[in-house]
Each structure stands twice: as C-alpha cells, then as structure tokens.
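Take a guided look at the model below. Start with one residue, then widen the view.

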Amino acid sequence: MSETVNENELQSRAIIDTYPILSILVLGIIGPICEELTYRLGMFSLIGRINRVLAYIITSLVFALMHMNFSSNANIVVELLNLPSYIFAGVAFCFAYDKFSLPCSLTAHTLNNLFAVIFQIILNNIS
C-alpha cells in the first residue's frame, strides 16, 4: 500500500502513530485553520480581485504543491500520482470559500482532516 502513498501522508501517519491525541488537535484542527486562512482568505481573496478563475487555479495548485515532497528521497512518481487528489481538494475548498464563505471552507477542511486522523487512529488500534 505504501507504493501509492506520498510522503505527506506517510509523515502524517507517523505523527498520528506516535501522538494520536495531539494529532487530532494539530493535524485535524489547527492545520486546516492555518491553511484556510492562508490559501482561501489570503491567496484566493487577493488573486480573486483580479480574476476568480485564476484564483481557483493558482490557489489550488499552490495548495496541492505544498502537500508534495519533491526531495531526493521522495518517490516522484508517487508524489505526482497523488497530486490530482490534492488539486481536487484545493478546488473544493476554494469553491466552499467562494460560494459559502470562510466558515464553510474551514468546516469542510477541518472535517476532512479530522475524519482522516480519526480513521487512522482507529486503523492503528485495530491492527
């Protein structure tokens, strides 16, 4: 399974394995809040003043690329295979922000991350 999991996910899983409760707070709540303030409230709003389509494209790409690891020890093919899912998430969060406001994108992003963290904690305790 790790052949298709990128470095961001592997590092998140390692943190969750070591610090499950802290992971809920940091990866599930604080991280998404910081990212929404940075990418949607900051970047999307700024670029959106010029061109909303461009704001979707740039913000989603930057969001996706920030979740990638292109260092020499990373598997570049795996990183690129995972890129579309991060772009899709970036577009979805931009849409939530653009159409429904910051609290909506914050909620969507936080719930997404909380679900992933809690699910990983459950999987760790099953196996």
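The paragraphs below go from a single side chain to a core and then to a pocket.

This is a predicted model, in which local features need pLDDT of at least 70, side-chain atom pairs count only at pLDDT 80 or more, and totals for chains, interfaces and linings use all residues. Residues are numbered from 1 along each chain as its sequence is written, and side-chain values use heavy atoms, with hydrogens and water left out.

Begin at T59. It sits in helix 3, residues 52–66 (helices are DSSP runs of H or I, at least four residues, numbered from the N terminus). T59 counts as buried because its relative accessibility is 0% (buried means under 20% relative accessible area, with a 1.4 Å probe and protein chains only). A polar atom of the T59 side chain lies 2.7 Å from the backbone oxygen of A55. Beyond its neighbours within four places in sequence, T59 is in contact with residues including Y39, F44, I47 and C94 (contact means heavy atoms within 4.5 Å).

Now find the largest nonpolar core. Its 8 residues are F44, I47, A55, Y56, C94, Y97, L102 and L106. Such a core is a set of buried Ala, Val, Leu, Ile, Met, Phe, Trp, Tyr and Cys residues joined through side-chain atoms within 4.5 Å. In soluble globular proteins, nonpolar side chains tend to be buried together.

Finally, turn to the lining of the largest pocket. Helix 5 gives the most to this lining, with 8 residues. Helix 1 (7–18), helix 2, helix 3 and helix 4 each supply at least two.

Notes
Buried < 20%, exposed > 50% of the residue type's maximum accessible area, 1.4 Å probe, protein only. Polar contact = N/O pair within 3.5 Å; in protein donor to acceptor, adjacent residues only side chain to side chain.
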